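Good morning, and thank you for coming.

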Amino acid sequence: MATVSLFAQRIPAELARKLERTEALAREALIDVHANLALDLVGVLAPRMPFDEAIERYIESMDLQGEDAEAVGTRAVALLSEREVADDLQREGHRGWGWDWRYATPMGAMRYIQRQKQRSDEEQLWLELAAARAEEALVNAHMEYATQFIGLMDEHEYADPSRAVQHYVETLGLPELRARMVYQRTMARCAATLLPRLPAD
């Protein structure tokens, strides 16, 4: 960590300002990505739960916390149209499988429990699929801004692509797995243009 800190301290002031602006743009863009993905999940879960609960499920599944969680939740609600809110209110009272007289027997109660478990398992699968799709979208968004870090550092002849991407993932504080994915994919993109060509035989 000391090496990274020293690296950051030595960045020229003009380059540092450009990197800070790119970082700010990246953070804003990522909130938008999260918010739109949360709304996708709202659409999937609409027959089962209200939009605010579905957004909470997304935030929990992506392990968003603190200011990030609040920003994503607020942005997602702001992106809902009046029609979507009205439709959500109309669905109240008609969601899911309520208890009725058909379940008022031992066999009926067993069926009710089985259906509730099936519903829970199905929702869990949907959440896992939504999280997997979200990870892909987030990695792609990070790659775009990591590439901008590479371009800025190259423009100022300050660092090679490897160091630039490392600085990006550390600056954004990415979780380890996502950081590795962003690093690997961004470097693979660089390889297409930076690796020397083998002579054609």
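**Helix packing and a pocket**

Helices α7 and α8 are roughly antiparallel to each other, because the angle between them is over 145 degrees. Before I go on, please note that this is a predicted model, in which local features need pLDDT of at least 70 and side-chain atom pairs count only at pLDDT 80 or more, while totals for chains, interfaces and linings use all residues. Residues are numbered from 1 along each chain as its sequence is written, and side-chain values use heavy atoms, with hydrogens and water left out.

A helix here is a DSSP run of H or I with at least four residues, numbered from the N terminus. Helix α7 covers residues 161–172 and helix α8 residues 176–194; they pack at an angle of about 155°, and their axes are 10 Å apart. The axes are lines fitted to C-alpha atoms over the stretch in contact, and angles run from 0 to 180 degrees between N-to-C directions. Which residues of α7 meet α8? They are P161, S162, V165, Q166 and V169, and in α8 their partners are A179, V182, Y183, T186, M187, C190 and L194 (contact means heavy atoms within 4.5 Å).

Let us turn to helix α2. Helix α2 (residues 13–45) packs against helix α4 (residues 66–79) at an angle of about 60°, with axes 8 Å apart. The two are therefore oblique to each other. On the α2 side, the contact residues include E28, I31 and H34, and on the α4 side they include A71, V72 and R75. By class, there are 8 nonpolar, 2 polar and 3 charged residues in this contact.

Helix α2 also packs with α7, again at an angle of about 60°, with axes 11 Å apart. L19, E23, A26, R27 and L30 of α2 make this contact with H167, Y168, T171 and L172 of α7.

Finally, the pocket. How many residues line the largest pocket? There are 19, and H34, L64, D68, L172 and R178 lie nearest its centre. Helix α2 gives the most to this lining, with 4 residues. By class, the lining has 9 nonpolar, 5 polar and 5 charged residues. A pocket, on a 1 Å grid over the protein atoms alone, is an open set of points where a 1.4 Å probe fits, with protein on both sides within 12 Å along at least five of seven lines, and lining residues have an atom within 4 Å of a point.

Terms used
Angles under 35 degrees count as roughly parallel, over 145 as roughly antiparallel, 65 to 115 as roughly perpendicular and the rest as oblique. Ala, Val, Leu, Ile, Met, Phe, Trp, Tyr, Cys and Pro count as nonpolar, Asp, Glu, Lys and Arg as charged, and the others, Gly among them, as polar.
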